[in-house]
Amino acid sequence: MNAAEFAARVRSRQTLVGYWVALDSPTSTERIAGLGYDYVSLDGQHGLFGYSGMLAALTAIDAAGRAVGMVRVAANDLTQIGRALDAGAVGVIVPLVNSAEEAAAAVAASRYPPPAKAATSRARQTDPVASMSIVVSNAVKHRNATLSTRSPRSSPGRRRASPSR
């Protein structure tokens, strides 16, 4: 599956099956990516790798030729989101999103160039998927507003994610 197919499936709310990787082992990651999963997500929040490990893992996922690479970044941060996408992630999973404003910031950071920010180089990804991880109880109270946050490319009425229970 390529990035465009993955994004289309996410945006049409199709079920996707993925695998989470937390270890810095590109060889293992490449084997996992070749098993038939739709995506392999690298855990940049709790995983045991830095930027070079993330880059090597995303390259390994691409080399397997079946799954796409996602990255859960450590925080809702413009630099972390941009670096994950620059490294080749098809999308990012942003943890601890507590409000519509924080969701909007994550979506804006995933766009090239980020609005009203210094230009960056999206070397490999031009239309990323931004996914929010709502895991804080305060966020659950505001989930409808948070989940209604749209990308500039989203059509009206289409939600970007569904609430976790």
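## Overall layout

The protein has seven helices and five strands. Here, helices (H or I, at least four residues) and strands (E, at least two) are DSSP runs, numbered from the N terminus. Starting at that end, the elements follow the order α-β-α-β-α-β-α-β-α-β-α-α. This is a predicted model, in which local features need pLDDT of at least 70, side-chain atom pairs count only at pLDDT 80 or more, and totals for chains, interfaces and linings use all residues. Residues are numbered from 1 along each chain as its sequence is written, and side-chain values use heavy atoms, with hydrogens and water left out.

Of the 165 residues in the protein, 41% count as buried. Buried means under 20% relative accessible area, exposed means over 50%, and partly exposed is in between (1.4 Å probe, protein chains only). The accessible surface comes to about 8500 Å², and carbon and sulfur atoms hold 52% of that area. These areas come from the Shrake-Rupley method with a 1.4 Å probe; for residues, only the protein chains shown count as cover.

## How confident is the model?

Confidence is given as pLDDT, the predictor's confidence in each residue, from 0 to 100. Its mean over the protein is 80, and 68% of the residues reach 70 or more. Helix α2 (residues 26-33) has the highest confidence, at a mean of 97, while helix α6 (residues 137-141) has the lowest, at 58. Over residues 154-165 the pLDDT is below 50, and this stretch has 21 contacts in the model beyond near neighbours in sequence. A contact means heavy atoms within 4.5 Å.

Contacts also show how the chain folds back on itself. Among the contacts in the protein with a separation of 6 or more, 59% are between residues 24 or more positions apart.

## A look at helix α1

Helix α1 spans residues 3-11, and its buried residues are Phe-6, Ala-7 and Arg-11. Viewed down the axis of α1, these buried residues fall within an arc of 125°, so they line one face of the helix. The arc is that of the directions from the helix axis to the C-beta atoms.

At the start of α1, Asn-2 places a side-chain oxygen within 3.0 Å of the backbone nitrogen of Ala-4. After the helix comes Arg-13, with a positive phi near 65°.

## Two salt bridges

The whole structure contains two salt bridges. A salt bridge is a side-chain nitrogen of Lys or Arg within 4 Å of a carboxyl oxygen of Asp or Glu. One of them joins the side chains of Asp-38 and Arg-9 (3.3 Å, N to O). This pair links distant parts of the chain: Asp-38 is in the loop between α2 and β2 (39-43), Arg-9 is in helix α1, and they are 29 residues apart. Asp-38 is buried, with a relative accessible area of 13%, whereas Arg-9 is partly exposed, at 23%.

The other salt bridge is between Arg-72 and Asp-43, whose closest N and O atoms are 2.6 Å apart. Again distant parts of the chain are linked, with Arg-72 in strand β3 (residues 68-72) and Asp-43 in strand β2, 29 residues apart. Both Arg-72 and Asp-43 are buried, and the relative accessible area of Arg-72 is 16%. Leaving out residues up to four places away in sequence, Arg-72 touches Trp-20, Ser-41, Leu-42, Asp-43, Gly-44, Gln-45, His-46, Ile-93 and Pro-95.

Gly-91 is found in strand β4 (residues 91-94). Is Gly-91 buried or exposed? Gly-91 counts as buried because its relative accessibility is 0%. Gly-91 and Gly-69 are 22 residues apart in sequence, and their C-alpha atoms are 7.4 Å apart in space.

Most residues other than glycine have a negative phi.

Arg-13 counts as partly exposed at 49% relative accessibility. Leu-96 is also partly exposed, with a relative accessible area of 41%.

Methods
Polar contact = N/O pair within 3.5 Å; in protein donor to acceptor, adjacent residues only side chain to side chain.
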